[in-house]
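Have a look at the structure first, then read on.

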Amino acid sequence: MTYEEAVAAIENLRASGIKPGLERMERIMALYGNPHWQLKVIHVAGTNGKGSTGAMIRSILTAAGYRTGWYSSPAVMGPREMISVDGVPISKEDFAALADGLISSQQQMGAVGTLSEFELTTALAMVYFARQKVDFSVVECGMGGRDDATNLFPAPKAVVLTPVAIDHAAVLGRTVEEIARNKCGILRPGSVAISAPGQPEEALAVLYEEAARQGISVHVPCAGAAAGREESLEGTDFTFEGQRLRVPLIGSHQVDNALTAMEAVRACVPNLTWEVVERGLAEVRIPCRQEWIERNPPVLLDGAHNPHGAAALADTLRRLLPNRRPILIAALLADKDATGWVAALAPLCAAAVCCEAAGPRPSLPAQELRDCLEQAGCPRVSAVSTPEDALRLAQELAAGQPEAVLVAAGSFYLCADLCPLLASRSRI
């Protein structure tokens with residue numbers, strides 16, 4: 001099986017949709033000798049910030065000399081991006097060989113049924129990390145926690161809960177408390193729990209309750225301990241415990257993500273030095289999280305797809321581009337809170353172009369998103385078919401305006417479509 005054939009075969013599993021329950025993952029892992037049992041895992045759940053926090057944890061551990069696997073979703077630039085060791089994506093050859101074996105093993109799944117797309121990719125990551133003999137595996141939940149395909153580990157070294165907000169409400173619950181309870185389903189005896197600072201009170205209450213039930217401690221870093229914050233389009237600097245640190249990611253929320261990541265690594269690694277932490281944070285990279293691309297006009301790419309993420313993006317625009325009203329390129333999935341999302345961004349924009357991004361889940365029709373933006377007071381709103389058309393129109397609207405800036409947001413699938421067009425990176 002070639003890499004291209006493996007990707008096509010995995011994508012063919014999308015038709016089965018999301019399959020709740022862990023019986024299929026338990027079965028496939030058993031067929032492979034339960035490789036996940038040998039992994040030291042830092043398990044990351046939450047609504048926003050999972051990717052950035054996981055990337056920082058991975059980078060610090062790598063800087064400390066630990067061979068570290070990282071499993072993250074969704075894939076922005078291709079499925080290999082989801083599975084990496086020390087920042088290097090799995091090779092095409094390894095991906096294809098492991099996918100071939102796992103797909104063949106579907107015939108032995110028995111009464112539990114065959115794997116979904118996400119389940120197979122998760123199984124592939126677990127087998128790969130075990131065979132690579134990693135020292136740590138940083139594993140990000142796909143959605144929720146309790147019934148997520150990643151919820152396999154008897155006792156993670158640490159469980160991290162990034163900020164919880166309302167998203168995937170039809171599956172996870174319609175309140176922050178319900179969603180937090182689902183996400184806290186990954187807690188296990190023998191672990192330690194770490195919460196992001198600024199966690200909503202109702203989510204934090206659930207975390208303390210569930211941690212007490214499991215007999216584990218909860219660590220919550222204090223956001224106020226990070227002093228002297230300085231933000232720019234190149235990154236964010238802050239002082240913590242007397243050390244000046246830099247994260248090359250945009251947005252004040254990245255400081256909270258860094259505090260969370262440092263707390264998680266400290267819980268797992270003794271004698272962590274500041275030199276290691278400084279280098280790990282300085283070297284972190286993750287695409288499409290308020291990513292600034294220097295072009296004419298410049299573009300800010302962000303996968304923010306819910307009201308909480310849109311509010312963080314709006315905060316960055318107010319702080320770093322206070323006198324520039326951006327032209328928004330927008331696409332949302334059909335199951336997102338479009339009204340809440342546009343409420344955060346519409347007042348800041350000079351114009352908007354709506355489109356529909358290609359992806360495994362349905363997009364909100366561009367005309368519906370256009371109507372939402374118009375109702376929220378955004379001027380000059382257009383609807384086109386594709387991200388390529390949206391970028392072209394946005395660039396035309398920006399022509400002749402030296403202070404123009406484009407902001408593309410609402411979906412990682414939108415960002416994935418735009419990256420090759422902006423020549424910021426190609427698919428892998």
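1. An open sheet has 6 strands with mixed pairing, in the order β12-β13-β17-β14-β15-β16. Strands here are DSSP E runs of at least two residues, helices H or I runs of at least four, both numbered from the N terminus; two strands pair if DSSP finds at least two bridges between them. β12 (291–293) and β16 (381–383) each have a single partner strand, so one side of each edge strand lacks a neighbour in the sheet. From one strand to the next, the twist averages 20°.

2. Before going further: this is a predicted model, with local features needing pLDDT of at least 70 and side-chain atom pairs pLDDT 80 or more, while totals for chains, interfaces and linings use all residues. Numbering starts from 1 along each chain as its sequence is written, and side-chain values use heavy atoms, without hydrogens and water.

3. β14 (327–330) and β17 (406–409) run parallel, paired over 4 bridges. Ile 329 sits opposite Ala 408 of β17.

4. Helix α13 (366–375) lies across β14, β15 (351–354) and β16, at about 170° to β16. Angles run from 0 to 180 degrees between N-to-C directions, with axes fitted to C-alpha atoms, for helices over the stretch in contact (heavy atoms within 4.5 Å).

5. Glu 140, in strand β5 (136–140), is buried (under 20% relative accessible area, 1.4 Å probe, protein chains only). What does its side chain make a polar contact with? The side chain of Ser 72, at 2.6 Å (the cut-off for such N or O pairs is 3.5 Å, with one atom able to donate a hydrogen and the other to accept it).
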